[in-house]
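Trainee: Can we go through how the two parts of this protein meet? I'd like to know what the terms rest on.
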Amino acid sequence: MEVCFIMVSINNQPVISGEIKLLVLDIDGTIAGHDNQISETVKTAIGQVQSQGIEVAIATGRMYCSALRFHQDIRSSLPLMAYQGAWIQNPHTGELHRHLAVSKSIAEQLLDYFEQPDLRPLLSVHFYVGDQLYVREMTTETTIYVERCGVTPLAIGDLRQLLTDHGSSPGPTKVLALSHDVDLIQELLGKLRLQYTPAELYMTTSVSTFLEVTNPFVNKGTAVRYLAEELLGLTSDNVMTIGDNFNDLEMLEYAGIGVAMGGAPQPVQAIANWVTSSVEEDGVAIAIEKFLLK
């Protein structure tokens with residue numbers, strides 16, 4: 001096979017990346033825009049990449065069941081990385097390669113914090129257990145969320161029962177706090193980062209109204225590393241990643257080529273090797289054309 005080296009730059013300094021053998025894509029804001037679909041232009045570009053022998057995978061904050069149709073749309077043969085990489089499963093074989101959950105004790109602490117009298121009316125809290133969404137009650141934010149994700153939530157009142165009813169099962173795969181108040185989400189993120197170290201929890205925002213919490217060993221960077229190095233025998237230089245938000249930071253930093261979408265927050269653009277156009281302008285197809293198509 002011909003080996004091609006790709007010249008990219010970080011802070012205007014040239015960097016040589018090795019042969020790209022794996023392309024990893026985020027979903028929302030990257031391959032799926034406001035219409036919640038992948039455009040034909042992007043699908044065609046992905047197909048061309050695959051015809052060259054480059055594998056394509058998805059890494060998303062979505063539930064596994066919600067991300068599955070996108071995995072099928074791009075005809076990926078690889079495991080699907082869901083919940084920021086906390087859940088890595090091969091849809092073709094059913095094998096669950098990795099599942100890292102939030103401890104039950106910390107999940108209970110988070111619930112106590114989010115249900116303080118001054119916060120409870122302002123937040124919708126989601127627990128994800130066994131790839132099922134559980135909520136205290138249906139709120140406006142939850143309704144919008146499930147309509148986009150195509151999932152059916154179970155409203156059970158007290159979410160604490162999930163931490164006792166499942167016996168020896170692990171805690172929730174992810175805890176999500178939603179609010180239309182962007183400033184509140186940022187305030188909560190800042191306060192929780194003072195209470196919990198990175199060794200205790202991973203916290204991020206996938207969109208400005210979502211505060212996402214997972215196991216401390218979980219982020220898209222560790223997930224892509226696991227897929228590339230443990231399952232495929234590749235190195236970071238063989239990987240290109242494309243994403244649009246703060247939960248994509250780690251995988252953009254890991255990859256030999258990390259591409260940020262146009263419209264991504266400035267800190268995300270700043271760490272990327274290159275910034276493409278927006279999702280509505282088929283930025284993924286543009287990046288593929290620039291870096292991968294021979």
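Predicted model: local features only at pLDDT ≥ 70, side-chain atom pairs only at ≥ 80, totals over all residues.

Mentor: Residues are numbered from 1 along each chain as its sequence is written, and side-chain values use heavy atoms, leaving out hydrogens and water.

Trainee: What makes up domain 1 and domain 2?

Mentor: Domain 1 is 22-99 + 218-292 and domain 2 is 104-214; such bounds come from an automatic or database domain assignment. Their centres, taken over C-alpha atoms, lie 24 Å apart.

Trainee: How many residues of each domain are in contact?

Mentor: 22 residues of domain 1 touch 19 of domain 2, where contact means heavy atoms within 4.5 Å.

Trainee: What area is buried between domain 1 and domain 2?

Mentor: About 1,700 Å², with carbon and sulfur atoms giving 52%. That's the accessible area (1.4 Å probe) two parts lose on being put together, summed over both. Met63, Tyr83 and Gln84 supply 31% of what domain 1 buries against domain 2, more than any other three residues.

Trainee: Why is the meeting of Arg148 and Asp28 called a salt bridge?

Mentor: The rule wants a side-chain nitrogen of Lys or Arg within 4 Å of a carboxyl oxygen of Asp or Glu. Arg148 and Asp28 sit at 2.9 Å, N to O, so the pair qualifies as a salt bridge. Across the interface of the two domains, the rule finds 1 salt bridge.
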